[in-house]
Amino acid sequence: MNIFLILSVLVLIAISIWQITKIFELSQAKKVNTQVADDDDNNLNGKLMFAFLIFIYGITIFSFWSYGDVLLPNSASEHGVDYDNLMWISFAIIFFVQTITQALLHYFSYKYRGEKGKKALFYADNDKLEMIWTIIPVITLAGLILYGLYTWTDIMTVEENDEALVVELYAQQFNWKARYAGEDGVLGDANVRFLQDFEGRNLVGIDATDPNGFDDVVVQELHLPVGREVIFKMRSQDVLHSAYMPHFRAQMNCVPGMITEFAFTPNKTTEEMRQDPDVTAKVNKINKIRVEKSKELVASGDMALDPYEFDFLLLCNKICGASHYNMQMKITVETEQEFEEWMNSQQTFAEVIQ
Amino acid sequence: MSTAAAVHTEEDHGHHHKETFVTKYIFSQDHKMISKQYLITGLFMGIIGIAMSLLFRLQLAWPEQPFGIFEVLLGKWAPDGVMDPNVYLALVTIHGTIMVFFVLTAGLSGTFSNLLIPLQIGARDMASGLLNMISFWLFFLSSVIMVMSLFVEAGPAAAGWTIYPPLSALPQAQPGSGTGMTLWLVSMAIFIASSLLGSLNYIVTVINLRTKGMSMTRLPLTIWAFFVTAIIGVVSFPVLLSAALLLIMDRSFGTSFFLSDIFIQGEVLHYQGGSPVLYEHLFWFLGHPEVYIVLLPALGITSEIIATNARKPIFGYRAMVASILAIAFLSTIVWGHHMFISGMNPFLGSVFTFTTLLIAIPSAVKAFNYITTLWKGNLQLNPAMLFSIGLVSTFITGGLTGIILGDSTLDINVHDTYFVVAHFHLVMGISALYGLFAGVYHWFPKMFGRMLNKNLGYVHFWVTAVCAYGVFFPMHFIGMAGLPRRYYTNTAFPYFDDLADINVLITVFALIAGAAQIVFLYNFIHSMFYGKKTVQNPWRSNTLEWTAPIEHFHGNWEGEIPYVHRWAYDYSKPGHEEDFVPQHIPLKKGEEELQH
């Protein structure tokens with residue numbers, strides 16, 4: 001029945017287009033229609049080309065004006081500043097190029113729109129021009145590359161050191177676990193074949209014969225002390241996942257059979273981040289939306305939504321199956337003291353397997 | 001058989017045999033018919049691909065909202081009209097697969113390389129009509145298998161068009177990774193065979209069968225583009241085939257190429273020693289050149305259409321050829337930019353950033369050359385020309401964001417977000433698609449002997465152009481906000497609640513864009529039968545295909561094939577009355593061929 005309706009609608013649309021086209025063409029009885037553009041077509045479309053330039057600029061400005069506030073707030077990690085600087089410089093360059101080239105393209109399409117009797121200029125090449133617009137991109141891109149590579153090496157070089165907090169991020173379908181190295185600062189060996197030991201209490205498959213693992217702490221909520229480098233060692237239990245922590249400008253795939261790593265130093269606590277004006281604005285906006293949505297929900301008999309408070313997020317960013325969209329872990333950045341207090345209230349692996 | 005660029009005489013006409021309906025329309029070995037077969041199949045697959053995208057865009061704009069259309073089209077996958085998360089992933093997977101391979105590779109290269117290579121270089125047909133026919137029918141078969149995979153009980157492949165293992169290797173990880181994935185792999189293996197056969201034909205034909213006077217430096221840029229594209233294809237598609245075969249072995253024969261240390265559904269699997277990162281390398285070794293296999297033909301078509309419609313030579317022919325070659329070469333050494341945060345050694349990240357930003361240079365040169373071609377032209381703004389100009393516009397916008405993504409540092413925070421989705425849709429989904437449309441509008445008279453309706457063409461272009469930017473420009477913002485791709489919904493994170501409006505805007509534009517394509521389809525089908533009959537050379541173009549008679553027959557030209565005396569871009573050349581001088585017109589006394 002539904003298929004029949006859909007087909008009928010399509011047939012009616014086709015008939016409408018046919019009739020509208022016919023009417024339009026009949027109403028221009030004076031001209032011969034070769035289906036090749038004539039001066040009138042060139043005039044109209046040339047002007048539309050220029051109008052389209054205005055549209056491109058317009059949608060750019062509109063998007064920034066309407067949606068500028070969804071962009072990520074200031075970063076909460078030390079290297080985040082370098083990341084954001086590189087981003088802004090890159091954007092400045094590409095916006096400059098975009099503005100100029102779109103203008104030339106669409107302006108020329110308008111200015112040189114065809115007219116019977118006009119002749120085009122036979123201008124086939126100019127090696128000097130080609131040289132100029134090859135060299136300038138080369139220099140610009142070389143600069144961007146060098147700056148980018150310097151920052152990349154800086155971010156991606158992870159040196160083992162005693163100061164850093166070593167944390168394992170353990171990804172599985174469809175949740176995260178974190179494992180702290182404990183007092184000895186060394187993570188115990190682990191492998192998926194140990195997961196079934198201890199009646200499922202060995203949540204991340206620690207090898208119980210490795211003494212380094214006894215003081216490891218496995219949790220489902222990540223806490224980080226502010227100002228201290230954290231080195232993440234990442235594992236996956238089953239398929240590819242990706243640990244994405246956008247506020248820290250951090251991301252690294254979690255690969256089964258491999259330990260990947262990423263390090264950063266958080267420099268804002270969750271409390272400080274909640275005070276950031278951009279974050280406050282965003283939270284207010286979200287809560288307004290949630291209030292509206294709650295009205296609808298309550299009206300239809302469901303429960304209202306909880307108000308939202310900002311928290312740092314770890315989310316999965318590599319397609320991993322049905323609940324890929326809901327694989328998250330809360331990250332709390334706090335003072336060293338708060339962190340110690342929280343850590344002391346957690347169970348070590350040795351305690352769990354008692 | 002005569003050697004390169006030899007004179008073709010009556011004997012080389014090929015056999016005149018009695019044609020039946022089957023040998024003319026179905027198992028045809030004539031390149032013109034095969035090109036039409038590719039086009040129709042590609043358009044049909046495109047309809048499926050676009051329909052899928054509209055379905056998942058509905059889901060994204062109004063998440064978990066019941067839709068009657070879901071129940072109708074998705075049946076058990078949309079209980080009570082709410083889309084199942086697994087089928088959301090299947091839709092995006094098959095959408096991507098169909099669009100990249102079946103529409104933009106086979107539909108674009110298959111159609112126009114087949115139509116234009118023999119006609120523009122002055123050959124009777126492809127080097128091997130038989131291989132050409134087989135290549136189309138393999139493509140058709142792979143399309144059928146891909147569509148069949150949609151009806152498998154546990155669902156089609158759903159691990160993204162990139163189908164990374166272990167997700168794609170283990171049916172326990174995802175229902176679509178069972179039979180659906182097997183069919184996907186079979187379909188793609190056949191597709192690759194089809195593509196390789198086609199590419200071999202194109203390369204051999206361009207090298208061997210050019211008519212007298214058609215030196216490589218007089219080739220139209222379309223032929224350069226198709227030729228180089230075929231070479232890239234031959235180099236890179238076999239690597240995807242190898243990845244697919246190794247994946248089949250991991251899935252069905254217990255090997256561990258890509259798998260190691262996996263615990264799933266309550267058991268430790270036996271695989272030891274493999275790495276998913278190996279798969280990523282193999283996949284992207286094709287995957288990156290693939291996007292240039294998609295783009296280069298579109299760029300070649302644009303060069304041709306802009307020059308013809310601007311009534312001016314394409315600016316910088318040598319630079320355009322050099323940049324095609326540079327892009328082709330560089331495209332084989334940039335694949336790691338898809339893998340910056342895959343866990344591979346960060347040093348590789350540096351290497352690939354370097355090569356990736358290099359590839360921006362020939363792309364930039366092309367864009368500047370297109371713009372300069374327009375300068376002081378006499379622009380005939382036919383629909384094909386509008387799409388070509390639109391291609392340059394979206395190629396610039398999309399290409400520029402590639403500079404952000406190609407920088408390993410910046411990729412850290414935008415990898416696999418909607419920023420990437422916006423980027424590749426602008427360059428492939430819009431730019432390359434515009435190339436396909438431009439080619440259809442421009443060569444429809446050559447293919448079907450009739451003209452497409454230009455007013456409907458204008459409507460098609462302008463609505464699509466506005467919607468294209470409407471869909472993909474705002475998408476950059478949700479990417480920069482941190483929203484990952486391949487998410488069934490963003491309602492699991494209150495943090496993303498403020499992105500809902502943008503998603504609605506994008507979907508509305510997408511629905512309008514979808515509707516605009518109906519105008520094109522109507523125009524295409526109607527004009528095929530009732531369009532205005534074309535004249536010999538409706539666009540007053542220089543290239544050889546317009547010297548062949550309107551009615552198709554084997555062998556393309558009655559009598560001798562035209563000899564070529566000049567390049568393809570003598571438009572508005574001083575000293576000539578007409579504003580175009582086709583390639584087969586001898587030089588006038590005292591006329592110099594342009595040294596370029």
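User: How many bridges join β1(A) to strand β2 (residues 175–180) of chain A, and do the two run parallel or antiparallel?

Analyst: This is a predicted model, in which local features need pLDDT of at least 70, side-chain atom pairs count only at pLDDT 80 or more, and totals for chains, interfaces and linings use all residues. Residues are numbered from 1 along each chain as its sequence is written, and chains are lettered from A and ligands numbered from 1 in the order in which they are written. Helices (H or I, at least four residues) and strands (E, at least two) are DSSP runs, numbered from the N terminus; two strands pair if DSSP finds at least two bridges between them. Here, β1(A) and β2(A) are joined by 6 bridges and run antiparallel. A hairpin of 2 residues connects them, and Leu169(A) faces Ala178(A) of β2(A) across the pair.

User: In what sense does β1(A) pair with strand β5 (residues 230–236) of chain A?

Analyst: The pairing with β5(A) is parallel and extends over 7 bridges. Val166(A) stands opposite Ile231(A) there. A residue is buried if 20 or more other C-beta atoms, placed from the backbone, lie within 10 Å of its own, exposed if 12 or fewer, and partly exposed in between. By that criterion, 7 of the 8 residues of β1 (165–172) of chain A are buried.

User: Which strands of chain A make up the open sheet of 5 strands, and in what order?

Analyst: The order is β4-β10-β9-β6-β7 in chain A, with mixed pairing. The edges are β4 (222–225) and β7 (250–254) of chain A, each with a single partner strand, so one side of each has no neighbour in the sheet. Axes are lines fitted to C-alpha atoms, for helices over the stretch in contact, and angles run from 0 to 180 degrees between N-to-C directions. With direction ignored, neighbouring strands of this sheet are turned by 20° against each other on average. Within the sheet, β9 (312–316) and β10 (328–334) of chain A run antiparallel and share 4 bridges, with Phe312(A) opposite Ile331(A).

User: At what angle do α4 (residues 85–121) and α8 (residues 276–310) of chain B cross?

Analyst: Two packed helices are described by the angle between their axes and the distance between the axes. The axes of α4(B) and α8(B) come within 10 Å and cross at roughly 40°. Angles under 35 degrees count as roughly parallel, over 145 as roughly antiparallel, 65 to 115 as roughly perpendicular and the rest as oblique; α4(B) is therefore oblique to α8(B). Two residues are in contact if their C-beta atoms, placed from the backbone, lie within 7 Å. Residues of α4(B) that meet α8(B) include Leu104(B) and Leu108(B), and among those they face in α8(B) are Val294(B) and Ala298(B).

User: What covers the buried residues of α4(A)?

Analyst: The cover includes α3 (78–111) of chain A and, from chain B, α9 (317–331), α10 (346–374) and α12 (408–414). Among the buried residues of α4(A) are Leu141(A), Gly148(A) and Trp152(A). The contact between the chains takes 106 residues from chain A and 118 residues from chain B. On the side of chain A that touches chain B, α4(A) provides the largest share, 15 residues.

User: Is Gly406(B) buried or exposed?

Analyst: Gly406(B) counts as buried, because it has 26 C-beta neighbours inside 10 Å. Gly406(B) is in the loop between α11 (383–405) and α12 of chain B.
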